[in-house]
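Subject: Handing over the structure, with notes on what was found

Dear colleague,

I am passing this structure on to you, and I would be glad if you could look through it before reading my notes.

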Amino acid sequence: MEQPISLEKLARDVQYLMDRQAIYDVIARHARGHDRHDVDLLTNAYHEDGVDEHGHAINPGPAYAEWANAVHSAGATLHTHNITTHLCEIDGNVAHCESYVIVALLD
């Protein structure tokens, strides 16, 4: 016979799921910010001390949106960012996440 789930475990599980969804929502807003060239959406995806590394380009999070919008505008008239694989491990107040994105650019 299975043991009933304790309220404490249920509360931890619900908090974990809420935290994981909140992280995913930031990633989704980041992609949306790219597609709309929305500086506020992109900037708000980063902590003040955050850093974005795009291969050779390394930008402080708060400055990333202006750089990204300039790069996208110079190379494409239309683009869309699609989040695919998203992995997220949360341990207390620390999360390690990795998300893949497919970007389509139209000249």
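This is a predicted model: local features need pLDDT of at least 70, side-chain atom pairs count only at pLDDT 80 or more; totals for chains, interfaces and linings use all residues.

Residues are numbered from 1 along each chain as its sequence is written, and side-chain values use heavy atoms, with hydrogens and water left out.

I begin with the aromatic rings. The structure holds 2 aromatic pairs, where rings of Phe, Tyr and Trp (its six-membered ring) pair if their centres lie within 6.5 Å, and where planes under 30 degrees apart count as stacked, those over 60 as edge-to-face and the rest as tilted. One of them is the tilted pair of Tyr46 and Tyr64, with 5.6 Å from centre to centre and 55° between the planes. This pair links distant parts of the chain, since Tyr46 lies in the loop between helix H2 (39-43) and strand S1 (51-54), while Tyr64 lies 18 residues away in helix H3 (residues 61-75); helices (H or I, at least four residues) and strands (E, at least two) are DSSP runs, numbered from the N terminus. Tyr46 counts as buried at 17% relative accessibility, and Tyr64 is buried as well, at 1%, where buried means under 20% relative accessible area, exposed means over 50%, and partly exposed is in between (1.4 Å probe, protein chains only).

Tyr64 also forms a tilted aromatic pair with Trp67, at 5.8 Å centre to centre and with 40° between the planes. Both of these residues, Tyr64 and Trp67, lie in helix H3, 3 residues apart, which is about one turn of the helix. Trp67 is partly exposed, with a relative accessible area of 27%. Taken together, the ring pairs link Tyr46, Tyr64 and Trp67 into a cluster.

In soluble globular proteins, nonpolar side chains tend to be buried together.

Not counting residues up to four places away in sequence, Leu42 touches His30, Gly33, His34, Tyr64, Ala65 and Asn69, where contact means heavy atoms within 4.5 Å. Ala65, with its neighbours within four places in sequence left aside, is in contact with Val39, Leu42 and Thr43.

Two further residues of helix H3 deserve a look. Asn69 is found in helix H3 and is buried, with a relative accessible area of 9%; beyond residues up to four places away in sequence, Asn69 touches His37, Val39 and Leu42. Gly61 is also found in helix H3 and is buried at 0% relative accessible area, and its contacts, counted in that way, are Tyr46, Gly50, Val51 and Asp52. The C-alpha atoms of Gly61 and Asp49, which are 12 residues apart along the chain, are separated by 6.9 Å.

His37 is found in the loop between H1 and H2 and counts as partly exposed at 30% relative accessibility. The phi of His37 is near 50°, a positive value in a residue other than glycine. Most residues other than glycine have a negative phi.

Finally, I turn to helix H1 and the surface. A search of the whole structure finds 1 salt bridge, meaning a side-chain nitrogen of Lys or Arg within 4 Å of a carboxyl oxygen of Asp or Glu. The side chains that meet in it are those of Asp13 and Lys9, at 2.8 Å from N to O, and both residues lie in helix H1, 4 residues apart, about one turn of the helix. Asp13 counts as partly exposed at 33% relative accessibility, and Lys9 is partly exposed at 36%. From C-alpha to C-alpha, Leu42 and Asp13 are 29 Å apart in space and 29 residues apart in sequence.
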